[in-house]
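The sequence and structure are shown first.

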Amino acid sequence: MAGWDIDVIMSNGNSVTAESIKLNIGNVDIESTLDGGQAFRWWHEVDGSYRGVIGRRALNIREISGGVAVTAVDGKPNAGIEHATNEYLGGAENLEKFRQLYASDPCLGPALRGYSGLRLLRQDPWECLFSFITSSTSNIPRIKLNVGAAAESFGYSIGPRPPDVTFPEPEVIIEAGENHLRELGFGFRAKYLVAAASAIASGAIKLHDLKEASYDDARAELVQLHGVGEKIADCVLAFSLDKPESFIVDRHILRALRKWYKLPVKASLSYAADWARGHFGEYSALANQYMFHRERLASRAAEWGGVHIEKALPEDGI
DNA sequence: GTCCAGGCCGCAC
DNA sequence: GTGCGGCCTGGA
């Protein structure tokens, strides 16, 4: 599975040789997967690769034919990187079935052809929860700014650059406190984050145990947290707690469901989520991510002059 | 200056 | 159960 080759990393002007590991895990669209609204600590490099952190390792990931190449940028041995990256990028079995089932779906078919390789991540649950509490009434650039600031302020350095840090444990966030988080720009979300950290540190909520729990039970646990509603809970369930049946509804998705699946204009967010879970079943989270990506690019294309979607999805005829 | 962003809470009705 | 105002703040 894993092959070897030699890369040259330019860091602080010095050249360092490091071995990269090739993972033949199938096509991965790293831009839409790592930097499309699931995770917020991946940074685009000038060569098109992405740099970020998985667990306690600072890594660089780039696309290669049939998979990705991963390089440690922390000067440590490669042990464990292959396994961790495989975990993080999720399995592809579901994706293959999903592709076959929805190839001719009017909304998802074009998206599957346009962004084939968009995957569901399997992130660390605490960082994921923290990130999506932060996402409330915010936008992706600002979420990246906030989450990155918290990581760099309170995380443990594991590499040469400032963003090469582990994500701070709940105990560290509690110690930092609401006011410090407000100073970093989290606004009204600061108190939610400290409360969530307390619930986890005290053991009132055991995030990792929710992986084994049913979707309904895990969701019910999460929404008890102050500042976590159905939407944020579904993000955490889909991106970190192995719940492929979760479906996230925001304004982009609601618009898509009305446009492509004839959902009533008056359908509430909660109704829409229930309908979509019934319709897509175990492929809900995947369908949701492709739909979100497509709709988000479409709205951005409109802002930029409306060319992006036609370029990405030629056969779609919007 | 205004408006909006991958929401949620508290409170009416 | 549905609707509405308020909440922080950076960027367009």
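## Basis of the values

The model is predicted: local features need pLDDT of at least 70 and side-chain atom pairs count only at pLDDT 80 or more, whereas totals for chains, interfaces and linings use all residues. Residues are numbered from 1 along each chain as its sequence is written, chains are lettered from A and ligands numbered from 1 in the order in which they are written, and side-chain values use heavy atoms, with hydrogens and water left out.

## Tyr88

Tyr88 belongs to helix H2 (residues 81-89); helices (H or I, at least four residues) and strands (E, at least two) are DSSP runs numbered from the N terminus. Its relative accessible area is 8%, so Tyr88 is buried (under 20%; exposed is over 50% and partly exposed in between, with a 1.4 Å probe and protein chains only).

Not counting residues up to four places away in sequence, Tyr88 touches residues including Leu34, Ile54 and Gln123, where contact means heavy atoms within 4.5 Å.

## Ser246

Ser246 lies in the loop between helix H10 (230-240) and helix H11 (251-261). With a relative accessible area of 0%, Ser246 is buried. A polar atom of the Ser246 side chain is 3.3 Å from the backbone oxygen of Asp234. Among the residues that Ser246 touches are Tyr215, Asp234 and Arg277.

## Pockets

Pockets are found on a 1 Å grid over the protein atoms alone, as open sets of points where a 1.4 Å probe fits, with protein on both sides within 12 Å along at least five of seven lines; lining residues have an atom within 4 Å of a point. A volume is the space filled by probe spheres set on the points, which are joined across faces, edges and corners.

The largest pocket has a volume of about 660 Å³. Its lining has 28 residues, with Ser138, Ile140, Asp250, His252 and Phe292 nearest the centre. Helix H6 (140-154), H10, H11 and helix H13 (284-304) each give two or more residues to this lining, and H13 gives the most, seven. The second largest pocket holds about 550 Å³. Gly55, Gln123, Asp124, Pro125 and His208 are the closest to its centre.

Definitions and conventions
A polar contact is a pair of N or O atoms within 3.5 Å; within protein, one must be able to donate a hydrogen and the other to accept it, and residues adjacent in sequence count only if both atoms are side-chain atoms.
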